[in-house]
Amino acid sequence: MTMRVCTGVVSALLLATPALAQDLGPHFRKIADGIYVQTAREVNSNVGIILTSEGVVLIDSGQTLIDTREVAEAVKKLTPLPIKYIIDTEVHPDHTTGHFVFSPPAIVVNHQGAGDAMRKAENPNRAQTLAAQSPEMAQASQGYRLVVPHIEYQQRMTLRVGERTLELIHLKNAHSEADTAVWLPAERVLFASSVAIPNSLNNVRAFVTIPDILTATRMLRSLNPAVVVPGHGSFGTTAIFDESEKYYTLLVERVGAMVMQGRTRDEIAKELKMPESASWAYQDRWPSNVDAAYRAVTQK
Ligand SMILES: [Zn+2]
């Protein structure tokens, strides 16, 4: 009798309890009540899953379409409610290719300029290229089409969904043509975009400037978040911003000293070594980093 009562209580509890992060698979972590992050592999892009009483908000949609499909399965385990919004932290395909899996009905949001940049960079053969990668990818890419933001905001936008408030903050010239940080002030959770990526060099494109990166990083740190989820890599604290700021500051200092000694941009890229970042991923992005520091120093 006692056994039966206990079993009944346990099953009732199990039914009432939402899925635990570990039930979602090894790529998912719970970072706050009703907020999860998928990090499929260390340097891959993150997906944020934010549950609300009115539906789900996703932050980006996966490094690969296999990751996207995994997110779709995880959301089904977490809630019967639909995915209402996808907020893009940048325009690149490793954050945006999966949108078609959720939209419609999901509404995609990013800063002004995102749609133009995505259309311009789109590979017309993307579906075939993806499908050729593996049978698993062929399956995951079925139905692929480019989905650009339905809503493009300017500077800042507040989105209220159920009990949650999300503040979208544009980061100018920080990584891609349209970068958005997503700040949840009540939960003190910050999705910080790819302006700072832990333990990795970034690809610093020609329109990105180190002063703009530093401005964005300092502004994000001043929000005083408890949890920082970067666009790629493990989530953590504002130490992610400290590391990034230290790196770019040292880089500009060292490039500046070499410019004073009359070294050319190419000589600097070859001769300058940064032991502080030697173990980071994507060392092939080094020339773009030196280039940005050179531009910062010489204003050219
Ligand atoms: Zn990117």
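Is arginine 254 buried, partly exposed or exposed? Arginine 254 is partly exposed, with a relative accessible area of 24%, where buried means under 20% relative accessible area, exposed over 50% and partly exposed in between (1.4 Å probe, protein chains only).

The structure shown is a predicted model, in which local features need pLDDT of at least 70, side-chain atom pairs count only at pLDDT 80 or more, and totals for chains, interfaces and linings use all residues. Residues are numbered from 1 along each chain as its sequence is written, and side-chain values use heavy atoms, with hydrogens and water left out.

**First stop: arginine 254 and glutamate 276**

Please select arginine 254 together with glutamate 276; the two form a salt bridge with their closest N and O atoms 2.7 Å apart. A salt bridge here is a side-chain nitrogen of Lys or Arg within 4 Å of a carboxyl oxygen of Asp or Glu. Arginine 254 belongs to helix H9, whereas glutamate 276 sits in the loop between helix H10 (265-271) and helix H11 (286-298), so the pair ties together parts that are 22 residues apart in sequence. Helices (H or I, at least four residues) are DSSP runs, numbered from the N terminus. Glutamate 276 is partly exposed, at 36%.

**Second stop: arginine 218 and glutamate 245**

Next, select arginine 218 and glutamate 245, a salt bridge whose closest N and O atoms are 3.1 Å apart. This pair links distant parts of the chain, 27 residues apart: arginine 218 is in helix H8 (residues 210-222) and glutamate 245 in helix H9 (residues 239-260). Arginine 218 is partly exposed at 42% relative accessibility, while glutamate 245 is buried at 16%.

Glutamate 73 is partly exposed, at 44% relative accessibility, and lysine 76 is exposed, at 60%. A search of the whole structure finds 14 salt bridges.

Which residues coordinate the zinc ion? Select Glu90 (OE), His92 (ND1) and His175 (NE2), which coordinate the zinc ion at 2.0 to 2.2 Å. Donors are N, O and S atoms within 2.8 Å of the metal (3.2 Å for Na, K and Ca); water is not among the atoms, so sites may look incomplete. Along the chain, the donors follow the spacing E-x1-H-x82-H. Glutamate 90 is buried, at 1% relative accessibility, and histidine 92 is buried at 14%.

Technical notes:
Helices (H or I, at least four residues) and strands (E, at least two) are DSSP runs, numbered from the N terminus.
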